[in-house]
Amino acid sequence: VSVGGFTDYHLDSGGKNILVALGGKLYVFDRTTAKATQLKTGEGGAIVDPKWSPDGKKVAYVRGYDVYAYDLAAGKE
């Protein structure tokens with residue numbers, strides 16, 4: 001039996017949201033509501049090294065040797 005987990009997480013600048021890559025997918029956990037939301041990212045491999053933008057409105061990450069940005073308000077890459 002193999003058990004997976006996350007090894008790194010990132011708080012947004014206000015400390016309200018936590019960004020976590022888990023199982024090749026990207027999640028934002030809202031600490032005030034205790035709700036986790038999976039970001040609808042494209043296909044093509046596991047997501048690694050996610051980071052918040054300075055304003056907290058976007059997330060950048062690497063997938064398949066390319067860098068992507070995810071717009072949280074629009075809900076898309």
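The model is a predicted one, in which local features require pLDDT of at least 70 and side-chain atom pairs count only at pLDDT 80 or more, while totals for chains, interfaces and linings use all residues. Residues are numbered from 1 along each chain as its sequence is written, and side-chain values use heavy atoms, with hydrogens and water left out.

Strands β2 (residues 17–22) and β3 (residues 25–30) run antiparallel and are joined by 6 bridges. Strands are DSSP runs of E with at least two residues, numbered from the N terminus; two of them pair if DSSP finds at least two bridges between them. The hairpin of β2 and β3 has 2 residues between the strands, and glycine 23 in its turn has a positive phi of about 65°.

On the β1 side, 2 bridges join β1 to β2, again in antiparallel orientation. Histidine 10 stands opposite leucine 19 of β2, and leucine 11 has isoleucine 18 as its bridge partner. This hairpin has 5 residues between β1 and β2, and glycine 15 takes a positive phi near 75°. The open sheet comprises 4 strands in the order β1-β2-β3-β4, with antiparallel pairing. Strands β1 (10–11) and β4 (35–38) each have a single partner strand and stand at the edges, so one side of each lacks a neighbour in the sheet.

The structure holds 1 aromatic pair. The ring centres of tyrosine 61 and tyrosine 68 are 6.0 Å apart and the planes lie at 15°, so the pair is stacked (rings of Phe, Tyr and Trp, the last by its six-membered ring, pair with centres within 6.5 Å; stacked means planes under 30 degrees apart). Tyrosine 61 is buried, at a relative accessible area of 1%, whereas tyrosine 68 is partly exposed, at 25% (buried is under 20%, exposed over 50%, partly exposed in between; 1.4 Å probe, protein chains only).

Arginine 63 is located in strand β6 (residues 58–63) and is buried, with a relative accessible area of 4%. Its charged end sits over the ring of tyrosine 68, 4.0 Å from the ring centre (the criterion is NZ of Lys or CZ of Arg within 6 Å of the centre and within 35 degrees of the ring normal). A polar atom of the arginine 63 side chain lies 3.3 Å from the backbone oxygen of glutamate 43. Residues touched by arginine 63, not counting those up to four places away in sequence, include Thr41, Ile47 and Glu77 (contact means heavy atoms within 4.5 Å).

Conventions. Phe/Tyr/Trp six-rings, centres within 6.5 Å; stacked < 30°, edge-to-face > 60°. Polar contact = N/O pair within 3.5 Å; in protein donor to acceptor, adjacent residues only side chain to side chain.
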